[in-house]
Amino acid sequence: MARETREARQPWLLLSPALATIFFLLVVPVLFVVVYSFWLRTANGSDQPGFYLTNWIEVVTDPFYRDILFNTLKIAAVTTLLCAVLGYPTAYFIARSRGNKAMLLMFLMLPFWISYIIRTMSWINILGVSGALNSMLLALGIIETPLQLLYNEATVILGLVHFLLPFMILNIYVSVEGIDETLEDAACSLGSTRWQSFLEVTLPLSLPGLAAGGLLCFVLAAGTYITPLVLGGPRDAMFANLVFEAIITQLDWPLGSALSLVLVAVLGTLVFVYNRFFGMAQLMKGLS
Amino acid sequence: MDNSKRYDRLLDRYKSGDVDRRSFLGLIGAAGLAYGVSTPFAKNALSAVKEVRFDGWGGVVSEAFRKHAFDPFTKATGVNVVDGTFGSGDEYISRVKASQNGEYNIAHLSGVFDYARYHELGLTSTLNEDNIPNLKNVIPKLVDVFRGVTDGKLSCVPFDYGTTGIAYNRKHISDEEMKEKGAKILLDERLKGKIGGWSDWRTRIWYAALQTGQDPNNATDMDAIWAAIRTHRDLLLKYWGSGAELMSLLAEEEIYVTEAWSGRVFALQEQGHDIGYMDPPNGFGWQECLFVLKGSPMEECEQLLNFMLSSEASIAVAEGQNYPPALDPAKVDLGKKIPTLPAFDPTGTLSGLTFANSDYWNGNQQAWSKEFGRIQKGY
């Protein structure tokens with residue numbers, strides 16, 4: 001009996017460092033944020049502890065927050081779609097290439113060596129009025145005056161695709177890499193064309209990777225605030241910018257806490273739905 | 001008794017059989033653990049008085065501080081100055097609010113309204129003015145306004161002043177057009193997509209007051225102000241968030257006109273850019289101070305403030321950051337470059353500048369910053 005009890009305890013003992021880390025570094029801070037969301041901000045910027053629903057009522061009923069949330073989800077969805085369209089052929093090419101796979105994967109990792117902010121700001125030098133693209137078009141005589149390419153929704157999406165594409169490619173790559181190539185050959189030997197074998201065999205089998213990449217890209221895109229801040233215009237704010245503003249500019253930590261929890265709830269629901277249909281195993285495979 | 005002596009005595013007791021082997025090793029292990037755990041914190045605590053943290057606006061301003069004040073100060077006193085930057089006063093106050101007492105020490109704050117906010121949050125210290133003899137050379141009007149907030153005492157020393165006027169690209173906007181249109185140039189349809197603006201709610205409301213013919217320190221028609229801010233937003237390319245971004249947008253000709261900080265525009269002019277600068281009537285004047293937060297090492301901070309108010313350091317920094325120093329021109333010879341800087345007042349009375357009324361602006365901070373945040377995003 002004592003031995004059985006000991007054996008039952010063992011996994012928990014082995015897990016306890018990880019569980020303690022998650023509890024103190026993730027659960028406790030989130031609980032603080034939950035508590036904060038029920039406080040109020042006083043006129044001088046200090047916090048008034050208590051249990052007030054004011055922030056939650058404001059966040060839920062005010063159309064301003066709802067509209068920005070929908071806009072954020074729209075931008076994240078478009079970004080994810082573009083990442084999928086651009087990422088699939090690239091991932092397929094890497095997975096099916098012979099010999100130079102490691103080098104191609106290393107090229108894929110190269111952008112991670114440079115700060116995300118620097119990578120985002122690099123678009124200013126490319127798309128700016130006196131940037132590389134305008135200079136080239138002017139030099140070639142294609143345009144007479146520089147084009148205004150920066151500071152709009154398109155550049156925000158471009159910056160996000162630039163940031164997130166490697167995540168999508170890696171997830172699809174892992175999925176395609178795991179598909180037995182002889183299945184495609186078998187489909188061809190039974191009369192299908194290469195394109196048909198891709199559509200009927202490879203694509204369905206690689207969907208879990210595509211879905212995992214899509215989830216990662218969507219969640220990361222919806223939670224960003226740097227890209228719209230650097231590359232966006234006055235109407236391109238995303239939901240995380242509201243959190244930043246509430247906490248930093250307005251010194252309204254309680255409202256900022258409520259806003260951040262709304263974002264966590266929306267993205268958490270998405271992860272829950274994904275887990276229900278695909279499971280988290282594919283996502284872990286792509287990240288490892 | 002030092003640790004070596006303690007160890008020797010314990011070893012003697014072990015050798016003479018007073019302590020068994022297990023207890024001896026246990027005590028050595030416990031001592032090692034205590035030392036290992038305490039050393040990093042003890043090191044920080046002991047080094048605190050050898051180090052002062054200073055936070056400022058970054059870019060050319062921080063470069064000037066580092067080169068002309070911090071490095072010479074460290075050389076003279078041995079006290080190291082660790083400098084950080086912030087994009088806005090709001091961002092800094094948020095960081096301070098989240099920090100431990102003493103984590104942040106001195107800040108280069110802009111405007112009396114920020115000083116008053118720190119005081120309301122109970123974050124002000126009390127300076128021993130005897131340790132800052134150079135304070136006597138500062139323009140009295142600048143000092144008095146801070147004393148008024150903190151009951152006659154000081155938690156900061158004034159350091160420089162400047163204006164937020166209008167910067168314009170002379171290739172596209174003439175000096176005559178600027179004189180004619182003044183603050184209303186920022187609402188000119190002809191310049192749609194080439195107009196910039198600081199994402200600071202005070203500056204936006206101040207300029208909207210000028211554009212609607214109101215007193216910026218006592219606006220009566222807020223609807224007209226919000227309407228002007230919306231009009232400006234719809235003509236805007238981008239709200240900028242830092243001095244570096246402002247300079248980049250103007251230098252790269254992404255925008256032709258924006259309100260701008262006088263010193264940053266002077267820096268652009270020095271770099272050869274044909275950028276004009278104009279302070280419209282009732283333009284936004286401000287003074288900056290070196291503010292010491294509660295819980296800071298006061299003696300070292302006062303030592304640094306006194307060093308920075310010396311005419312050598314103050315003038316060198318002013319020439320580097322392009323903002324006139326707070327030193328009284330009637331008492332100190334400010335050299336040749338400073339009288340050429342925008343916003344410089346040779347009389348030392350600063351009667352030509354309009355400063356923000358801290359009670360008025362802080363009283364409306366909560367509502368107005370929130371409302372501007374919405375309008376900024378298209379509402």
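Biologist: How do H1(A) and H12(A) lie relative to each other?
Modeller: H1(A) and H12(A) are oblique to each other; angles under 35 degrees count as roughly parallel, over 145 as roughly antiparallel, 65 to 115 as roughly perpendicular and the rest as oblique. Helix H1 (residues 2–36) and helix H12 (residues 253–277) of chain A pack at an angle of about 120°, and their axes are 8 Å apart. Axes are lines fitted to C-alpha atoms, for helices over the stretch in contact, and angles run from 0 to 180 degrees between N-to-C directions. This is a predicted model, in which local features need pLDDT of at least 70 and side-chain atom pairs count only at pLDDT 80 or more, while totals for chains, interfaces and linings use all residues.

Biologist: Which residues make that contact?
Modeller: H1(A) contributes Val33(A), Val34(A) and Tyr36(A), while H12(A) contributes Trp253(A), Pro254(A), Ser257(A), Ser260(A) and Leu261(A). Residues are in contact if their C-beta atoms, placed from the backbone, lie within 7 Å. Six of the contact residues are nonpolar, two are polar and none is charged (Ala, Val, Leu, Ile, Met, Phe, Trp, Tyr, Cys and Pro count as nonpolar, Asp, Glu, Lys and Arg as charged, and the others, Gly among them, as polar). Residues are numbered from 1 along each chain as its sequence is written, and chains are lettered from A and ligands numbered from 1 in the order in which they are written.

Biologist: Where does UniProt place the "transmembrane region" feature in chain A?
Modeller: The unreviewed UniProt entry puts it at several stretches, including residues 124–143 and 210–232; such annotations may be inferred rather than shown by experiment. In the model, residues 124–143 of chain A are 60% helix and 0% strand, with the end C-alpha atoms 19 Å apart. Residues 210–232 of chain A are 83% helix and 0% strand, and there the end C-alpha atoms are 28 Å apart. Helices (H or I, at least four residues) and strands (E, at least two) are DSSP runs, numbered from the N terminus.

Biologist: Changing topic, how many residues of chain B are in contact with chain A?
Modeller: On chain B, 26 residues are in contact with 22 residues of chain A. H14(B) supplies the largest share of that side of chain B, six residues. The side of chain B that touches chain A divides into 13 charged, seven polar and six nonpolar residues.

Biologist: And H5(B), is that helix largely enclosed or open?
Modeller: H5(B) is largely enclosed by the rest of the structure, because seven of its nine residues are buried. Buried means 20 or more other C-beta atoms within 10 Å of a residue's own, exposed 12 or fewer, and partly exposed in between, with C-beta atoms placed from the backbone. Among the buried residues are Phe113(B), Tyr115(B) and Arg117(B). The buried residues of H5(B) pack against H4, strand S3 (106–110), helix H6 (140–149), strand S4 (156–169), strand S9 (284–292) and H14 of chain B.

Biologist: What phi does Tyr151(A) have?
Modeller: Tyr151(A) has a positive phi of about 60° although it is not a glycine. Most residues other than glycine have a negative phi. Tyr151(A) sits in the loop between helix H6 (132–139) and helix H7 (153–177) of chain A, and Tyr151(A) counts as buried, with 26 C-beta neighbours inside 10 Å.

Biologist: Where is Ala343(B) found?
Modeller: Ala343(B) is in the loop between helix H13 (311–321) and strand S10 (354–355) of chain B. Ala343(B) has a positive phi of about 80° and is buried, with 25 other C-beta atoms within 10 Å.

Conventions: Two residues are in contact if their C-beta atoms, placed from the backbone, lie within 7 Å.
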